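Please look through the sequence and the model shown here before reading on.

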Amino acid sequence: MRLSVLRFARLNPSIKELRLHLCQTGEESKGVRDFVNTRYVQLKRDNPSLPILVRECSGVQPRLWARYELGKEKSVTLTNATAEDISKHIEALGKAQ
């Protein structure tokens with residue numbers, strides 16, 4: 001069996017905050033819940049000064065928000081996304097500006 005260690009690159013310093021919005025019970029948020037349970041700790045370990053907010057609300061569509069310098073924001077819908085998809089979205093938003 002091959003084991004791999006998940007590593008997040010240090011995200012661009014211009015990113016000031018990440019927010020994950022998800023539903024606690026909705027099937028479309030399952031991948032986001034899996035991401036929080038399995039990958040959040042490593043993301044925070046690799047980016048210790050970056051605020052990462054996890055917002056749960058019943059019936060909300062899952063979404064990832066990134067806030068950059070000067071209040072600029074970008075978001076990505078996470079409906080039915082897997083934990084791997086979410087990692088890729090975070091990497092992409094972390095490199096964008």
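With which residue does E17 form a salt bridge, and how far apart are the closest N and O atoms? The partner is R67, and the closest N and O atoms of the pair are 3.7 Å apart, where a salt bridge is a side-chain nitrogen of Lys or Arg within 4 Å of a carboxyl oxygen of Asp or Glu. Because E17 lies in strand β1 and R67 in strand β3, the pair ties together parts that are 50 residues apart in sequence; helices (H or I, at least four residues) and strands (E, at least two) are DSSP runs, numbered from the N terminus.

Some words on the basis of these values are needed. This is a predicted model, in which local features need pLDDT of at least 70 and side-chain atom pairs count only at pLDDT 80 or more, while totals for chains, interfaces and linings use all residues. Residues are numbered from 1 along each chain as its sequence is written, and side-chain values use heavy atoms, with hydrogens and water left out. The mean pLDDT of the protein (pLDDT being the predictor's confidence in each residue, from 0 to 100) is 90, and 90% of the residues reach 70 or more. Over residues 1-5, however, the pLDDT is below 50, and this stretch has zero contacts in the model beyond near neighbours in sequence, a contact being heavy atoms within 4.5 Å.

To return to the charged residues, E17 also meets R19 in a salt bridge between their side chains, at 2.6 Å from N to O. Both R19 and E17 are buried, a word that here stands for under 20% relative accessible area, with exposed over 50% and partly exposed in between (1.4 Å probe, protein chains only). E17 counts as buried because its relative accessibility is 13%, whereas R67, at 27% relative accessibility, counts as partly exposed. R67 and R19 are 48 residues apart in sequence, and their C-alpha atoms are 8.4 Å apart in space. Leaving aside neighbours within four places in sequence, R67 is in contact with S14, I15, K16, E17, K72 and E73.

Elsewhere, salt bridges that share partners join E17, R19, R67 and E73 into one network. The structure holds six salt bridges.

β1 is mostly covered, since six of its eight residues are buried. β1 and β3 pair in the antiparallel sense over six bridges, two strands being counted as paired if DSSP finds at least two bridges between them; the bridge partner of L20 in β3 is L64. Five bridges join β1 to strand β2 (residues 52-56), and these two strands run parallel. L22 stands opposite E56 in β2.

Of its 20 residues, L18, L78 and I90 touch the most other members. The elements that give two or more residues to this core are β1, α1, β3 and α3. Not counting residues up to four places away in sequence, L18 touches a list of residues that includes L11, L43, I52, L64, W65 and I90.

I90 leads on to helix α3, whose buried residues are A83, I86, S87, I90, E91, L93 and G94. What covers them includes β1 (15-22), α1 (30-38), α2 (40-46), β3 (63-68) and β4 (73-77).

Two loop residues remain. L70, in the loop between β3 and β4, has a positive phi of about 60 degrees although it is not a glycine, and L70 is exposed, with a relative accessible area of 90%. N80, in the loop between β4 and α3, also has a positive phi of about 60 degrees without being a glycine, and N80 is exposed at 57% relative accessible area.

Definitions and conventions:
Core = buried A, V, L, I, M, F, W, Y, C linked by side-chain atoms within 4.5 Å.
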